[in-house]
Amino acid sequence: MATMNPIQFIQQVRAEVAKVVWPTRREVLLTTVMVFIMAALTAVFFALVDLGIRGGLQLILGAFG
């Protein structure tokens, strides 16, 4: 690996950071809201699956217990 002048390194880093396309405030807000919505839907789904499994196990164990 070749050694690099620290000044050249900093210049290259600044050039790469300048190429980054930063999201707008609206994009950040929309994606944040979507993450919260998806997390809530996932939580509801797993809560329903948990209730279904619990009910099924109670029926099975009640029949044999």
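Helices are DSSP runs of H or I with at least four residues, strands are runs of E with at least two, and both are numbered from the N terminus. By this rule Leu57 lies in helix α2, which covers residues 25-64. The model is predicted, so local features need pLDDT of at least 70 and side-chain atom pairs count only at pLDDT 80 or more, while totals for chains, interfaces and linings use all residues. Residues are numbered from 1 along each chain as its sequence is written, and side-chain values use heavy atoms, with hydrogens and water left out.

The protein contains two helices and zero strands. Its radius of gyration is 26 Å, whereas a compact globule of 65 residues would have a value near 11 Å; the radius is taken over C-alpha atoms, and the globule rule is 2.2 Å times the number of residues to the power 0.38. Along the principal axes, the C-alpha atoms fill a box of roughly 75 × 35 × 10 Å.

Of the 65 residues, 0% count as buried. The accessible surface of the protein comes to about 6,400 Å², and 73% of this belongs to carbon and sulfur atoms. Such areas come from the Shrake-Rupley method with a 1.4 Å probe, and for residues only the protein chains shown count as cover.

Helix α1 spans residues 6-19 and holds both Glu16 and Lys19, which are three residues apart, about one turn of the helix. These two residues form a salt bridge, with the closest N and O atoms 3.1 Å apart; the term denotes a side-chain nitrogen of Lys or Arg within 4 Å of a carboxyl oxygen of Asp or Glu. Glu16 counts as partly exposed at 46% relative accessibility, whereas Lys19 is exposed, with a relative accessible area of 58%.

The structure holds two salt bridges, and another pairing is found in helix α2, where Arg54 and Asp50 lie four residues apart, about one turn of the helix. Their side chains meet at 3.4 Å, N to O. Arg54 is partly exposed at 46% relative accessibility, and Asp50 is partly exposed with a relative accessible area of 41%.

The C-alpha atoms of Val33 and Val44, 11 residues apart along the chain, are separated by 17 Å. For Arg54 and Val35, 19 residues apart in sequence, the C-alpha to C-alpha distance is 28 Å.

A nonpolar surface patch of about 870 Å² is made by Phe45, Phe46, Val49, Ile53, Leu57, Ile60, Leu61 and Phe64. Patches are made of residues with over 30% relative accessible area and no salt bridge; like charges are joined within 9 Å, and nonpolar side chains (Val, Leu, Ile, Met, Phe, Trp, Tyr) within 5 Å.

A search of the whole structure finds one aromatic pair. Phe45 and Phe46 form this edge-to-face pair, at 5.1 Å centre to centre and with 70° between the planes. Rings of Phe, Tyr and Trp (its six-membered ring) pair if their centres lie within 6.5 Å; planes under 30 degrees apart count as stacked, over 60 as edge-to-face and the rest as tilted.

Notes. Buried < 20%, exposed > 50% of the residue type's maximum accessible area, 1.4 Å probe, protein only.
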